[in-house]
Amino acid sequence: MAKSLHLTAFMRPVSLHTGAWRYPGAYADANFNFGHLKSFIQTLERAKFDAFFMADHLAVLNMPVEALKRSHTVTSFEPFTLLSALAAVTDKIGLAATASTTFDEPYHVARRFASLDHISGGRAAWNIVTTSNPDSARNFGLSEHVEHGERYKRAREFFDVVTGLWDSFADDAIIRNQESGIFFNPERLHVLDHKGEEFSVRGPLNIARPVQGWPVIVQAGQSEPGKQLAAETAEVVFAAPRDLATAKSLYADIKGRMPAVGRDPKHLKILPAAMIVIGDSVEEAKAKRARLDSLVHYDSAIASLSIALGHDASGFDPDAALPEIPETNASKSGRAQVLRLAEQEKLTVRQLAQRYGGYAGLAFIGTPQTIADEMENWLNEEAADGFTCVFPFLPQGLEDVTEKLVPELQRRGLFRTDYEGTTLREHLGLPRPANQFFPAE
Ligand SMILES: Cc1cc2nc3c(=O)[nH]c(=O)nc-3n(C[C@H](O)[C@H](O)[C@H](O)COP(=O)(O)O)c2cc1C
């Protein structure tokens with residue numbers, strides 16, 4: 001088959017758009033209603049989506065309560081609990097969960113993902129995040145957030161420990177010989193004994209090697225250390241470029257770093273996050289988006305802009321240009337994107353806030369044909385290997401994608417009509433990693 005797209009669904013919260021829960025016909029309780037989530041994932045599986053992705057945050061959004069009270073993103077299920085339940089009602093679709101390297105421990109993370117991979121028959125993926133919300137620190141005994149560079153240093157060592165733990169048992173270690181009474185072969189067990197700058201972890205993991213060898217590794221950071229971590233470790237990148245030019249340079253940058261660290265660029269799929277709004281005409285799709293944006297209050301809009309900037313914007317003159325703002329310890333790529341947008345489009349603080357208040361990222365707004373054209377172009381231009389779909393509202397926005405866009409992509413040979421195999425690695429065309437301590441003899 002010629003080049004084709006991979007599609008994942010961004011499902012935490014079920015829509016990122018602040019106005020989503022107020023859209024006519026939307027399930028306002030979708031984040032927290034298991035029956036709805038079950039029907040969403042089953043619909044996505046019928047459409048042959050690669051994966052269902054649960055982002056995660058370790059605090060409520062860091063915005064003033066005046067804005068927070070309007071946000072449906074304030075509460076959502078804990079990813080492992082939800083994905084374990086969803087694994088039981090699906091067969092093929094991948095299950096990607098987020099776990100923080102800043103506020104978690106490698107032994108816990110290795111166990112949870114190994115378990116999810118076994119429960120789901122090889123469908124788990126770990127979205128490695130360093131956690132940009134500074135309020136998270138206060139939920140874990142710290143008064144200040146860990147410094148950005150230090151977060152990434154810890155993340156890199158965290159990855160080595162987790163993957164080392166997954167390789168504790170060789171694939172053939174568990175022999176269960178009922179006759180001899182030997183359950184596993186101790187010569188096929190590796191005790192990690194990791195002693196690094198950040199972690200001291202003896203091992204071994206008390207879980208058999210995951211079905212996929214290692215669950216698929218996902219990354220989203222776009223800062224300098226974020227891109228380097230992706231090049232060294234990631235197999236999927238959920239980037240957030242706003243336009244084709246930025247996406248192309250990010251794609252070339254991350255993949256370009258891989259040979260130097262001994263990796264094949266084909267073993268990394270870059271799937272930019274994109275909100276998809278479908279209409280019977282481009283005008284109708286634009287009108288849907290305008291209606292959705294109109295449901296966002298200014299208090300929410302300015303709070304979202306503050307988060308993106310890593311700086312309180314509520315005191316700025318709404319009708320003036322954005323003032324000079326110092327760099328902060330929050331997301332660096334997020335801040336840089338706001339400054340670029342403000343400069344490119346000469347937007348006032350109010351206009352910028354409106355953009356950020358709803359959904360500020362990349363959006364494909366149009367008919368199934370125009371959106372398929374854009375996606376095809378991004379694929380051919382080496383800007384993306386597929387997309388992380390953000391739905392504008394649920395359930396209709398999701399059904400528009402599965403019922404209208406997916407068939408159009410399939411008609412063009414750009415998307416699978418059936419799964420390639422049973423594991424997420426097979427869907428993504430990724431090799432199963434060899435055990436680093438027991439390479440194939
Ligand atoms: C599609 C996507 C999903 C993300 N999901 C999460 C998440 O679940 N939890 C989280 O703390 N950060 C999440 N992030 C934020 C990234 O981990 C990262 O902090 C952000 O992209 C800024 O990168 P930087 O710190 O390298 O500048 C996500 C980012 C993107 C683009």
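How closely do the axes of α3 and helix α4 (residues 106-119) come, and at roughly what angle do they cross? The first legend answers; the model shown throughout is predicted.

**Figure 1. Packing of α3 against α4.** The two axes come within 9 Å and cross at roughly 15°. Angles under 35 degrees count as roughly parallel, so α3 and α4 are roughly parallel to each other. The crossing of α3 past α4 is left-handed. From α3, the contact uses F80, L83, S84 and A87. From α4, R112, F113, L116 and I119 take part. By class, six of the residues in this contact are nonpolar, one is polar and one is charged.

**Figure 2. Crossing of α1 and α3.** Helix α1 spans residues 34-46 and helix α3 spans residues 79-87. Their axes come within 11 Å and cross at roughly 55°. The two helices are therefore oblique to each other. The crossing of α1 past α3 is right-handed. F34, L37, K38 and I41 supply the α1 side of the contact. L82, A85 and L86 supply the α3 side. Six residues of this contact are nonpolar, none is polar and one is charged.

Figure 3. T131 sits in the loop between β4 (124-129) and α5 (148-166). Is T131 buried or exposed? Its relative accessible area is 9%. Buried means under 20%, so T131 counts as buried.

**Figure 4. Salt bridge between K48 and D418.** The whole structure holds 32 salt bridges. In one of them, the side chains of K48 and D418 meet at 3.7 Å, N to O. The partners come from distant parts of the chain, 370 residues apart. K48 belongs to the loop between α1 and β2 (51-54). D418 belongs to the loop between α13 (396-411) and α14 (424-428). K48 is buried, with a relative accessible area of 18%. D418 is partly exposed, with a relative accessible area of 47%.

**Figure 5. Salt bridge between D253 and K227.** The closest N and O atoms of this pair are 3.0 Å apart. D253 lies in helix α7 (residues 244-256). K227 lies in helix α6 (residues 224-233). The bridge therefore ties together parts that are 26 residues apart in sequence. D253 is partly exposed, at a relative accessible area of 25%.

Figure 6. R416 and E420 form a salt bridge, with their closest N and O atoms 2.8 Å apart. R416 is buried, at 5% relative accessibility.

Note on methods:
Residues numbered from 1 in each chain as written. Predicted model: local features only at pLDDT ≥ 70, side-chain atom pairs only at ≥ 80, totals over all residues. Heavy atoms only, no water. Helix = DSSP H or I, 4+ residues; strand = E, 2+ residues; numbered from the N terminus. Buried < 20%, exposed > 50% of the residue type's maximum accessible area, 1.4 Å probe, protein only. Axes fitted to C-alpha atoms, helices over the stretch in contact; angles between N-to-C directions. Parallel < 35°, antiparallel > 145°, perpendicular 65-115°, else oblique. Left-handed = near helix turned anticlockwise from the far one by under 90°. Contact = heavy atoms within 4.5 Å. Nonpolar A, V, L, I, M, F, W, Y, C, P; charged D, E, K, R; others polar. Salt bridge = Lys/Arg side-chain N within 4 Å of Asp/Glu carboxyl O.
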